[in-house]
Amino acid sequence: MRFRIEQRPQPSATMRVAAPIIATALTLIVGSILFAVLGYDPLATLSAFFLAPLNSINGLSELLLKASPLILIACGLAVGFRANVWNIGAEGQLVIGAIAACGVGLFYPDPESRLLLPLMMLAGALAGMAWAAIPAFLRTRMSTNEILVTLMLTYIATLFLSWLVHGPWRDPAGFNYPQTALLPATAMFEPFDYAYRLNGSVFITVVAVFAMWLFTDRSFLGYKMSVSGAAPLAARYAGFAESSAVWIGLLAGGAAAGIAGMAELSGPLGQLSPQISPGYGFAAIIVAFIGRLNAFGIVLGGLLMSLLFLGGESVQMTLGLSASLTRIFQGILLFLLLAADFFIFYRLRRIPEHA
């Protein structure tokens with residue numbers, strides 16, 4: 001018995017919407033099996049993973065706090081993904097944005113200035129864009145693969161951060177820990193309630209969601225980007241330049257990631273350290289696809305991914321499971337989402353033996 005993979009003539013619009021829900025449900029099933037194999041009660045473990053983090057105001061505030069950078073970065077990445085511009089280096093762009101913002105926060109001549117926070121945001125955005133401009137230039141001028149270049153630049157950014165906090169920027173009063181001095185109060189976002197960490201940086205994400213929606217769904221340039229991704233030959237025939245799509249897609253992702261790095265620095269952290277991000281840049285790629293590259297779908301995807309981060313911390317504290325469980329769930333979810341997408345656009349057809 002033989003089978004052949006063939007493209008479906010008309011992919012189901014209903015299944016495209018349902019695929020993230022199906023992938024999430026299957027992730028829970030696979031997770032239950034995984035917990036049972038490890039010797040844990042699946043229901044109790046899933047409850048600790050997905051319900052326990054939400055049973056308090058602090059848990060809900062942490063959910064929004066962690067979802068904010070994920071949604072912000074995913075909105076920027078989705079602009080490029082719609083045009084088949086694959087920015088996989090948002091983690092490095094986040095790190096570079098945080099470094100630039102920290103440099104402004106620590107060394108600006110007037111630490112009491114009200115301009116400090118806006119200048120840090122601008123520095124974060126420009127640094128992220130500059131880091132993304134490297135693969136954009138190489139792709140448009142030398143036809144390099146932006147997936148590889150953006151990914152490799154992430155390691156360079158991370159090593160640069162490590163050098164800074166272990167060397168020239170290390171806090172001399174920090175007991176030899178690899179971290180900078182604390183930022184001044186004017187360089188920090190005000191928390192809504194000092195009992196929790198949620199702060200005003202979430203408003204940046206709200207603005208980004210609506211900006212992405214306006215760009216992708218209500219602007220001619222956004223339409224050109226979508227056409228470039230869906231039908232490259234048709235876009236080229238209509239005069240849509242591929243190089244423009246590459247630059248816009250990568251710079252949008254770089255700016256969003258850089259601002260997210262600045263928001264993490266000036267929000268819950270307050271200083272630069274090697275742990276500036278728990279992997280938000282990589283997780284945001286999954287968020288973008290869970291949300292179907294749609295602004296409001298990304299919000300739901302970001303909340304789900306944030307819950308995975310919180311759930312990993314919860315089972316680590318209550319059950320002693322490894323924090324790596326979060327990445328396992330992320331990987332399972334991405335794998336099942338890609339599998340669902342495959343069967344939306346393709347099907348297996350049996351080939352008769354005599355054919």
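This is a predicted model: local features need pLDDT of at least 70, side-chain atom pairs count only at pLDDT 80 or more; totals for chains, interfaces and linings use all residues.
Begin by selecting Lys66: with a relative accessibility of 8%, this residue counts as buried.

**Stop 1: Lys66 and Glu313**

Show the side chains of Lys66 and Glu313, which meet in a salt bridge with an N to O distance of 3.3 Å. Lys66 lies in helix H3 (residues 57-81) and Glu313 in helix H12, so the pair ties together parts that are 247 residues apart in sequence. Is Glu313 buried or exposed, or does it fall in between? Glu313 counts as partly exposed because its relative accessibility is 34%, whereas Lys66, at 8%, counts as buried.

**Stop 2: Val209**

Next, select Val209, which is found in helix H7 (residues 202-218). Val209 is counted as buried because its relative accessibility is 5%, and buried means under 20%. Which residues does Val209 touch, once those up to four places away in sequence are set aside? They are Ile71, Cys75, Ala295, Phe296 and Val299.

**Stop 3: Phe296**

From Val209, move to one of its contacts, Phe296. Phe296 is placed in helix H12 (residues 295-318). Its relative accessibility of 37% puts Phe296 in the partly exposed class. Beyond neighbours within four places in sequence, Phe296 is in contact with Val209, Phe210 and Trp213. Trp213 is 83 residues away from Phe296 along the chain, and the C-alpha atoms of the two are separated by 7.8 Å.

**Stop 4: The loop between H11 and H12**

Select Arg292 and Leu293 together. Arg292 lies in the loop between H11 and H12, and Leu293 lies in the loop between H11 and H12 as well. As for cover, Arg292 is partly exposed, with a relative accessible area of 22%, while Leu293 counts as buried at 14% relative accessibility.

Asp341 forms a salt bridge with Arg292, and the closest N and O atoms are 2.5 Å apart. Asp341 belongs to helix H13 (residues 325-345) and Arg292 to the loop between helix H11 (280-290) and H12, so this pair ties together parts that are 49 residues apart in sequence. Asp341 counts as buried, with 16% relative accessibility.

**Stop 5: Arg349 and Glu6**

The structure holds 9 salt bridges. For another of them, select Arg349 and Glu6, whose closest N and O atoms are 2.7 Å apart. This pair links distant parts of the chain: Arg349 is in strand E2 (residues 346-351) and Glu6 in strand E1 (residues 2-7), 343 residues apart. Arg349 is partly exposed, having a relative accessible area of 36%; Glu6, with 18%, is buried.

**Stop 6: Helix H1**

Finally, select residues 13-37, which make up helix H1. H1 has 25 residues and reaches 37 Å from its first C-alpha to its last, close to the 36 Å expected at 1.5 Å a residue. Where does H1 bend? The bend, of about 40°, is at Ala19, and a proline, Pro20, follows within four residues.

Colour the buried residues of H1: Ala19, Pro20, Ala23, Thr27, Gly31, Ser32 and Phe35. These buried residues pack against helix H2 (42-50), H11 and H13. An α-helix has 3.6 residues a turn, so residues three or four places apart point the same way.

Then show the surface of Met15, Ile22, Leu26, Ile29, Ile33 and Val37, which together make a nonpolar surface patch of about 540 Å². To close the tour, centre the view on Ile29, a member of this patch: with a relative accessibility of 48%, Ile29 counts as partly exposed.

Definitions and conventions. Residues are numbered from 1 along each chain as its sequence is written. Side-chain values use heavy atoms; hydrogens and water are left out. Patches are made of residues with over 30% relative accessible area and no salt bridge: like charges are joined within 9 Å, nonpolar side chains (Val, Leu, Ile, Met, Phe, Trp, Tyr) within 5 Å. Accessible areas come from the Shrake-Rupley method with a 1.4 Å probe; for residues, only the protein chains shown count as cover. A salt bridge is a side-chain nitrogen of Lys or Arg within 4 Å of a carboxyl oxygen of Asp or Glu. Helices (H or I, at least four residues) and strands (E, at least two) are DSSP runs, numbered from the N terminus. Buried means under 20% relative accessible area, exposed over 50%, partly exposed in between (1.4 Å probe, protein chains only). Contact means heavy atoms within 4.5 Å. The expected span of a helix is 1.5 Å times one less than its number of residues. The bend at a residue is the angle between axes fitted to the seven residues ending there and the seven starting there.
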